[in-house]
Amino acid sequence: MESSTQGTMPGSGSFRCQQCGHALTLSPPALEVPRECPKCGSGELVRATLVATTRFARAGTAREDPVGREAWLAQARGLIEEPGEYLAYEDTGAIKLAALTREWTRIGRSLAADVRFDDPTVSRRHALIVRQADGVRVLDDRSLNGVFVNGDRVEWRILEDGDEIVVGRHRLSYLSMTSTERRSDEEELQAV
């Protein structure tokens with residue numbers, strides 16, 4: 001019979017390296033918390049939890065770095081050909097754009113979703129992007145893991161250009177490109 005205290009003894013349980021994201025699971029008789037990550041050697045190990053307490057984010061992505069995120073956003077903006085509002089996200093290593101042309105855009109795991117992620121961390125009906133005269137907002141559609149905007153869990157929030165939306169383990173960025181921005185980008189390219 002297994003002990004009901006498994007996972008509560010010193011040194012047992014799961015840990016995650018904050019530097020590289022490597023997960024490490026220990027079980028008794030390990031009596032102390034590991035001092036460094038076996039993958040990268042970092043001493044930044046924290047007890048792993050199923051629920052994030054600060055930011056719901058994946059470790060080790062270039063987009064956690066503000067400079068890397070700005071470069072990613074610039075690359076996504078470069079793919080936009082028409083003025084408008086878009087969701088930009090990565091799929092199999094490539095940047096994908098979803099134009100927000102209708103009043104409602106559904107994000108989820110369902111086959112009926114406009115932006116679909118086949119991932120168990122994403123609910124079938126996870127989030128809605130709503131375009132109205134007073135702005136574009138994201139709504140949590142009763143998801144299990146929640147919707148995060150710029151690291152904060154939200155029920156709904158008006159979006160601004162560049163905001164990062166996290167659903168499950170996927171990151172999307174809201175981009176709003178006006179015709180004047182597009183024209184100035186083209187003029188800069190012609191000047192070079």
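Modeller: What follows describes the sheet, then an aromatic pair. The model is a predicted one. The open sheet has 5 strands in the order 7-6-8-9-12, and its pairing is mixed. Strand 7 and strand 12 (156–158) stand at the edges with a single partner strand each, so one side of each has no neighbour in the sheet.

With strand 8 (residues 127–132), strand 6 (residues 104–108) pairs in the antiparallel sense, over 4 bridges. One of the residues involved is Trp 104, whose bridge partner in strand 8 is Val 130. With strand 7 (residues 115–116), strand 6 runs parallel, and 2 bridges join them. Here Gly 108 has Arg 116 of strand 7 as its bridge partner.

Phe 117 lies in the loop between strand 7 and strand 8, while Tyr 89 lies in strand 4 (residues 84–91), so their pairing ties together parts 28 residues apart in sequence. The count of aromatic pairs comes to 1. The ring centres of Tyr 89 and Phe 117 are 5.4 Å apart and the planes stand at 80 degrees; because an angle over 60 counts as edge-to-face, this pair is edge-to-face. Both residues can also be placed by accessibility. Tyr 89 has 12% relative accessibility, and Phe 117 has a relative accessible area of 6%. The cut-off for buried is under 20%, so Tyr 89 counts as buried, and Phe 117 is buried as well.

Technical notes
Residues are numbered from 1 along each chain as its sequence is written. This is a predicted model: local features need pLDDT of at least 70, side-chain atom pairs count only at pLDDT 80 or more; totals for chains, interfaces and linings use all residues. Side-chain values use heavy atoms; hydrogens and water are left out. Two strands pair if DSSP finds at least two bridges between them. Rings of Phe, Tyr and Trp (its six-membered ring) pair if their centres lie within 6.5 Å; planes under 30 degrees apart count as stacked, over 60 as edge-to-face and the rest as tilted. Buried means under 20% relative accessible area, exposed over 50%, partly exposed in between (1.4 Å probe, protein chains only).
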